[in-house]
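Please keep the sequence and the model in view while reading the points below.

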Amino acid sequence: MSNRKETPEEQRERLRQEELKNNPSGTFRDGLNRADNTNLADLVGGLGWKGTGILILVLIGGYFLYKLLF
């Protein structure tokens, strides 16, 4: 076993994987519910810092374009 300490992200992912193995039908239901109620943290967590920056720039640019046209 490695002496390296597990980061909180790795621990969350490990626990999530264990839950998927132990309770597949419950996690399926949670996945369906999560699709209806997504949050910004899930989106940003998957993008990384570059993707988040691009998303912010696109949103700001879209807002200015909207204000310019309407």
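R14 is partly exposed, with a relative accessible area of 35%; here buried means under 20% relative accessible area, exposed over 50%, and partly exposed in between (1.4 Å probe, protein chains only). The model is predicted: local features need pLDDT of at least 70 and side-chain atom pairs count only at pLDDT 80 or more, while totals for chains, interfaces and linings use all residues. Residues are numbered from 1 along each chain as its sequence is written, and side-chain values use heavy atoms, with hydrogens and water left out.

**Salt bridges**

- Side chains of opposite charge can pair when their charged atoms come close.
- A search of the whole structure finds three salt bridges, each defined as a side-chain nitrogen of Lys or Arg within 4 Å of a carboxyl oxygen of Asp or Glu.
- R14 pairs with E6, and the closest N and O atoms of this salt bridge are 3.0 Å apart.
- E6 is partly exposed, at 37% relative accessibility.
- R14 also forms a salt bridge with E18, where the closest N and O atoms are 3.2 Å apart.
- R14 and E18 are four residues apart in helix α1, so about one helical turn separates them.
- E18 has a relative accessible area of 35% and is partly exposed.
- Through shared partners, the salt bridges join E6, R14 and E18 into one network.
- E13 forms a salt bridge with R16, with the closest N and O atoms 2.8 Å apart.
- Because E13 and R16 are three residues apart in helix α1 (residues 8-22), they are separated by about one helical turn.
- E13 is partly exposed, with a relative accessible area of 34%, and R16 is partly exposed, with 42%.

**Aromatic pairs and the nonpolar patch**

- The whole structure contains two aromatic pairs according to the search; rings of Phe, Tyr and Trp (its six-membered ring) pair if their centres lie within 6.5 Å, and planes under 30 degrees apart count as stacked, over 60 as edge-to-face and the rest as tilted.
- One of these is the tilted pair of Y66 and F70, at 5.3 Å centre to centre and with 45° between the planes.
- F70 counts as exposed, at 73% relative accessibility.
- A nonpolar patch on the surface is formed by L65, Y66, L68, L69 and F70, which together have about 660 Å² of accessible area.
- Patches are made of residues with over 30% relative accessible area and no salt bridge, like charges being joined within 9 Å and nonpolar side chains (Val, Leu, Ile, Met, Phe, Trp, Tyr) within 5 Å.
- L68 lies in helix α3 (residues 40-69) and counts as exposed, at 69% relative accessibility.

**The chain as a whole**

- The chain has three helices and zero strands, where helices (H or I, at least four residues) and strands (E, at least two) are DSSP runs numbered from the N terminus.
- Along the sequence, the pattern reads α-α-α.
- Buried residues make up 4% of the 70 residues of the chain.
- The accessible surface of the chain is about 6700 Å², and 61% of this belongs to carbon and sulfur atoms; accessible areas come from the Shrake-Rupley method with a 1.4 Å probe, and for residues only the protein chains shown count as cover.
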